[in-house]
Structures are given as structure tokens and as C-alpha cells.
Amino acid sequence: MLTHILKTDSQIPLKVVDIRTRIPIGEITYGDVWKNAGHAVTFTRANCLKCDACRVEDICPVNVVHVDPDTGVDFDQDNCFHCGICVSQCKGGAFLADLGSVEIAGVNHPIPVTLRQSNRVKALKAATVLKDQIKQGIFKITAPVGKINFPE
Ligand code: SF4
Ligand code: SF4
């Protein structure tokens with residue numbers, strides 16, 4: 001039954017560490033990271049300043065942003081990872097997303113999310129497809145790795 005493998009985002013704990021020291025400063029959940037956050041990053045061409053050197057082209061981890069001297073920025077949205085790093089790096093605010101923030105006990109302000117390591121857009125699509133396949137018996141969850149024993 002799918003209930004045996006159900007684990008919600010709020011049940012997945014995450015440690016928050018100080019980026020300078022890597023010392024943990026608090027605990028949140030995966031659900032906190034995505035709470036009220038937008039999933040997708042968008043590009044608004046009208047905001048592009050056509051900078052001499054495009055920071056986004058330089059920093060995009062999956063190289064989906066290229067600058068053509070004649071036509072300007074070319075953004076391959078289908079292959080964008082929605083990591084969000086371009087949002088803080090784009091000088092003109094052409095790349096936009098509400099990346100959300102997290103709150104930690106003892107810290108007096110929300111901590112903004114500036115880089116995500118998960119592609120929520122594609123993860124949700126994949127999860128929906130997989131769930132349907134499991135329900136229809138097309139995907140056998142024990143087949144690839146043998147019998148899985150779930151803790152009670
Ligand atoms: S950094 Fe932003 S505003 Fe500047 S060229 Fe790149 S996309 Fe356009
Ligand atoms: S969200 Fe990440 S992957 Fe997508 S364009 Fe921005 S930097 Fe590149």
C-alpha cells in the first residue's frame with residue numbers, strides 16, 4: 001500500500017549550518033524550505049539590461065543561459081534546474097522567483113533561500129508519473145532492489 005511509503009516534506013528533517021563554519025545552528029524540515037516558495041524561475045526579457053558580461057550566463061550550473069550578441073539572452077527554460085542562483089545574480093531582475101525563506105529559533109529574522117539543490121518542478125512531475133505507475137501495478141517497487149522491509 002502507498003501509505004507504507006508515505007513521508008511528507010514536513011517529516012524530513014534538515015540541519016541548517018553556518019556557511020562559514022559548517023557548524024549547525026538549527027533544525028528545520030524539507031517542508032519549511034518549500035513553504036510559500038515558488039517552484040519555477042522565470043525570465044522577463046524586458047528587464048534584461050544586456051550587460052556587457054552576463055553574470056547568469058557565467059554562473060548557471062546547467063548552462064541554459066547564453067548571450068547572443070545580436071538577439072540577447074537565450075534562456076532554455078525546459079532544461080532550467082530552477083536552482084534560483086540567477087535571481088540574486090541578475091543585475092536587471094530579469095530572472096525572478098520567490099525562493100522563500102526559513103525561520104530558525106533564536107535567529108531574529110527569516111533566512112532567505114538563495115540556492116536550491118532540488119528541481120521541484122520536475123520532481124513533482126516525476127512523482128506523479130511514478131505514483132500512477134505504482135497504483136496501476138506497472139512499476140513494482142520491490143522489483144529493482146529485491147524485497148524492501150519498511151520500518152513500522
Ligand atoms: S545579468 Fe541579467 S540583466 Fe544582465 S545580461 Fe544577464 S540576464 Fe540580462
Ligand atoms: S534557475 Fe538555475 S538553472 Fe535555471 S537559469 Fe537560473 S541559474 Fe540556471
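**Entry 1: the ligands.** I started with ligand 1. The residues around it are Cys48, Leu49, Lys50, Cys51, Cys54, Arg55, Val56, Val73, Cys90, Lys91, Gly92 and Ala94. I sorted this shell by class and got 8 nonpolar, 1 polar and 3 charged residues. I keep in mind that the model is predicted.

Next I turned to ligand 2. Which residues come nearest to it? Of the 14 residues around ligand 2, I noted Cys60, Cys80, Phe81, Cys83 and Cys86 as the nearest. The class count here is 12 nonpolar, 2 polar and no charged residues.

**Entry 2: the domains.** I looked up the domain assignment. It gives domain 1 as 1-39 + 100-142 and domain 2 as 41-96. On the side of domain 1 that touches domain 2, I found 2 nonpolar, 3 polar and 2 charged residues. In this contact, 7 residues of domain 1 meet 6 residues of domain 2. I also took the centres over C-alpha atoms, and they are 25 Å apart.

**Entry 3: the core.** I asked which residues have the most contacts inside the largest nonpolar core. They are Val56, Val65, Cys86, Val87, Cys90 and Phe95, in a core of 15 residues. Strand 5 (72-75) and helix 3 (85-89) are the elements that give two or more residues to this core. My background note reads: in soluble globular proteins, nonpolar side chains tend to be buried together.

Val56 and Cys90, listed around ligand 1, are among the core residues with the most contacts. Cys86 is on that core list too, and it is one of the residues nearest to ligand 2.

I then followed Val87. Leaving aside neighbours within four places in sequence, Val87 is in contact with Val41, Phe95, Leu96, Ala97 and Leu99.

Entry 4: I found Gly84 in the loop between strand 5 and helix 3. Is Gly84 buried or exposed? I counted 23 other C-beta atoms within 10 Å, so Gly84 is buried. Beyond four places in sequence, Gly84 touches Val41, Ala97, Leu99, Thr114, Leu115 and Arg116. I also checked Leu96, which is 12 residues from Gly84 in sequence and 8.1 Å away, C-alpha to C-alpha.

Leu115 was on that contact list, and I went there next. Leu115 sits in the loop between strand 8 (111-112) and helix 4 (120-135). It has 12 other C-beta atoms within 10 Å, so Leu115 is exposed. Not counting residues up to four places away, Leu115 touches Cys83, Gly84 and Ile85. Of these, Cys83 is also one of the residues nearest to ligand 2. I noted a spacing as well: Leu115 and Leu99 are 16 residues apart along the chain, with 8.1 Å between their C-alpha atoms.

Entry 5: I finished with strand 1 (residues 13-17). Why does strand 1 lie largely in the open? Of its 5 residues, the number buried is 0, so this follows from the count.

I checked its partner, strand 2 (residues 24-29). The two strands run antiparallel and are joined by 5 bridges. Two of the pairings went into my notes. Lys15 has Glu27 as its bridge partner in strand 2. Val16 stands opposite Gly26.

Key:
Residues are numbered from 1 along each chain as its sequence is written. Chains are lettered from A and ligands numbered from 1 in the order in which they are written. This is a predicted model: local features need pLDDT of at least 70, side-chain atom pairs count only at pLDDT 80 or more; totals for chains, interfaces and linings use all residues. A residue is near a molecule or strand if its C-beta atom, placed from the backbone, lies within 6 Å of it. Ala, Val, Leu, Ile, Met, Phe, Trp, Tyr, Cys and Pro count as nonpolar, Asp, Glu, Lys and Arg as charged, and the others, Gly among them, as polar. A nonpolar core is a set of buried Ala, Val, Leu, Ile, Met, Phe, Trp, Tyr and Cys residues joined through C-beta atoms within 7 Å. A residue is buried if 20 or more other C-beta atoms lie within 10 Å of its own, exposed if 12 or fewer, and partly exposed in between; C-beta atoms are placed from the backbone. Helices (H or I, at least four residues) and strands (E, at least two) are DSSP runs, numbered from the N terminus. Two residues are in contact if their C-beta atoms, placed from the backbone, lie within 7 Å. Two strands pair if DSSP finds at least two bridges between them. Domain bounds come from an automatic or database domain assignment.
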